[in-house]
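Subject: Handing over a structure, with notes on what was found

Dear colleague,

I am passing this structure on to you, and I would be glad if you looked through it before reading the notes that follow.

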Amino acid sequence: MAMASSTLSTESPPFNPRPMTMGIQSPAQNRSMSRSTSPLSNVSAAEGNSNAIAKHTFQYKGETLEIRNVWAENVEEEMAKIRELIETHPYVAMDTEFPGVVARPVSETYSPDFHYKSLKVNVDLLKIIQLGLSFADENGNFAKGCPCWQFNFKFNLNDDMFAQDSIDLLVSSGISFDDHATRGIDPLHFGELLMVSGLVLDHRVRWVSFHSGYDYGYLLKLLTAQELPNDEKGFFDTLKLYFPTIYDIKYMTSLCDGHFGGLQKLADALSCQRIGVEHQAGSDSLLTMTTYFALARAKFTNGEVIDDSKYKNELYGYGTNHTVRKGNAHAQMHLSHSSSALSVGNSD
């Protein structure tokens with residue numbers, strides 16, 4: 001990927017580019033780093049929800065459920081447990097936390113592949129921060145005890161690129177970036193463990209998510225240790241290989257009347273209880289699972305059986321389905337809701 005004329009967009013929020021040298025930092029870099037050490041990290045609510053704690057337990061439908069935090073020191077042990085669990089609980093709800101959107105491709109905003117190019121350039125530039133995985137059986141029952149793992153990856157606010165508003169939100173939600181810098185999981189090692197986990201390359205495993213183009217982009221980056229494919233077709237071919245069966249709840253809602261907005265709004269409408277704190281990947285993945293089954297039972301049943309034929313293997317906003325908008329107005333709206341900062345060109 002070649003860098004085009006990299007310019008800051010006038011409407012962009014502050015972001016932290018990776019330092020080019022290890023020498024004395026410029027005043028601009030010092031200002032950026034001072035913003036990174038957010039005062040929100042001292043908020044007691046954030047400390048109580050900190051992902052530095054080994055586990056969080058909650059009462060849910062009369063049972064005690066656990067969200068378990070995974071760091072470099074216990075990632076192999078916890079992935080071994082998941083390899084056993086997937087045999088009986090093949091529904092995997094997924095959510096990621098990543099450092100925002102900092103770049104936009106140098107291309108016409110009304111080009112058919114603009115949204116994918118925007119996804120690609122950001123995933124290629126940035127690092128995943130957190131991955132939440134929750135497990136349920138075919139009836140939507142969570143695994144007993146610990147149905148949710150929260151994987152925390154190596155990320156350093158002094159070295160890695162991010163959008164400041166995204167970092168502030170994560171800090172206020174309890175993300176401990178000091179721990180991410182010192183004991184975060186190596187993405188390459190995690191990719192190796194994920195490859196042999198039984199979670200991928202198997203059509204029997206159902207991956208559940210919400211509006212998840214970027215989420216799958218980061219997962220493919222973990223699995224392949226490469227930049228994303230140059231075009232959308234290559235992306236979907238790779239996605240189909242590693243994740244043969246996916247369900248995107250946002251796409252499901254596009255087939256229903258009266259369901260709009262984000263995951264929390266939909267969950268509230270379906271009376272789904274949140275477990276844990278919003279904007280941490282573990283809690284969001286648990287809510288994704290309960291929301292999926294509630295929506296599928298309410299709108300997508302054939303008799304008593306959930307019929308996935310109308311929404312299986314579709315991603316909201318990508319591919320060739322009806323949610324893809326090709327017009328310039330829609331592309332401009334997409335940019336206005338993004339934290340775009342750099343203009344970056346592709347080499348293809």
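In which hand, left or right, does α3 pass α7 in their crossing? Please keep in mind throughout that this is a predicted model. The crossing of α3 past α7 is right-handed, and the two helices, α3 covering residues 75–85 and α7 covering residues 187–195, pack at an angle of about 20 degrees with their axes 10 Å apart. Since angles under 35 degrees count as roughly parallel, α3 and α7 are therefore roughly parallel to each other. On the α3 side the residues that meet the partner helix are V75, E76 and M79, and on the α7 side they are H189, F190, L193 and L194. By type, the residues of this contact between α3 and α7 divide into 5 nonpolar, 1 polar and 1 charged.

Among the contacts in the chain with a separation of 6 or more, 77% are accounted for by residues 24 or more positions apart.

Two further helix pairs share α8. From α4 the contact is made by S118, L119, N122, V123 and D124, and from α8 by G213, Y214, G217, Y218 and K221. Sorted by type, the residues of the contact of α4 with α8 are 4 nonpolar, 4 polar and 2 charged.

The second pair is α8 with α9, whose packing angle is about 70 degrees and whose axes are 11 Å apart, and these two helices are therefore roughly perpendicular to each other. Here G213, Y216, G217, L220, L223 and T224 of α8 meet F235, T238, L239 and Y242 of α9. The residues of the contact of α8 with α9 divide into 6 nonpolar and 4 polar, with no charged residue.

Several of these elements come together in the largest nonpolar core, which has 51 residues, and in which F151, F190, L199, W207, Y216 and F243 touch the most other members. At least two residues of this core are supplied by each of α3, β4 (91–97), α4 (114–125), β6 (130–136), β7 (148–152), α7, α8 (213–224) and α9 (232–242). The largest share, 7 residues, comes from α8. Apart from this core lies another one, of 30 residues, among them Y60, F142, V208 and F300.

L199, leaving aside its neighbours within four places in sequence, is in contact with I82, I86, V92, L133, F135, L194, V205 and W207. P187, in turn, has its place in helix α7 and is partly exposed, with a relative accessible area of 30%. Setting aside neighbours within four places in sequence, P187 is in contact with F153 and L222, and its C-alpha atom is separated by 9.0 Å from that of K221, although P187 and K221 are 34 residues apart along the chain.

With kind regards

Key: Residues are numbered from 1 along each chain as its sequence is written. This is a predicted model: local features need pLDDT of at least 70, side-chain atom pairs count only at pLDDT 80 or more; totals for chains, interfaces and linings use all residues. Side-chain values use heavy atoms; hydrogens and water are left out. Axes are lines fitted to C-alpha atoms, for helices over the stretch in contact, and angles run from 0 to 180 degrees between N-to-C directions. Helices (H or I, at least four residues) and strands (E, at least two) are DSSP runs, numbered from the N terminus. Angles under 35 degrees count as roughly parallel, over 145 as roughly antiparallel, 65 to 115 as roughly perpendicular and the rest as oblique. A crossing is left-handed if the near helix is turned anticlockwise from the far one by less than a right angle, and right-handed if clockwise. Contact means heavy atoms within 4.5 Å. Ala, Val, Leu, Ile, Met, Phe, Trp, Tyr, Cys and Pro count as nonpolar, Asp, Glu, Lys and Arg as charged, and the others, Gly among them, as polar. A nonpolar core is a set of buried Ala, Val, Leu, Ile, Met, Phe, Trp, Tyr and Cys residues joined through side-chain atoms within 4.5 Å. Buried means under 20% relative accessible area, exposed over 50%, partly exposed in between (1.4 Å probe, protein chains only).
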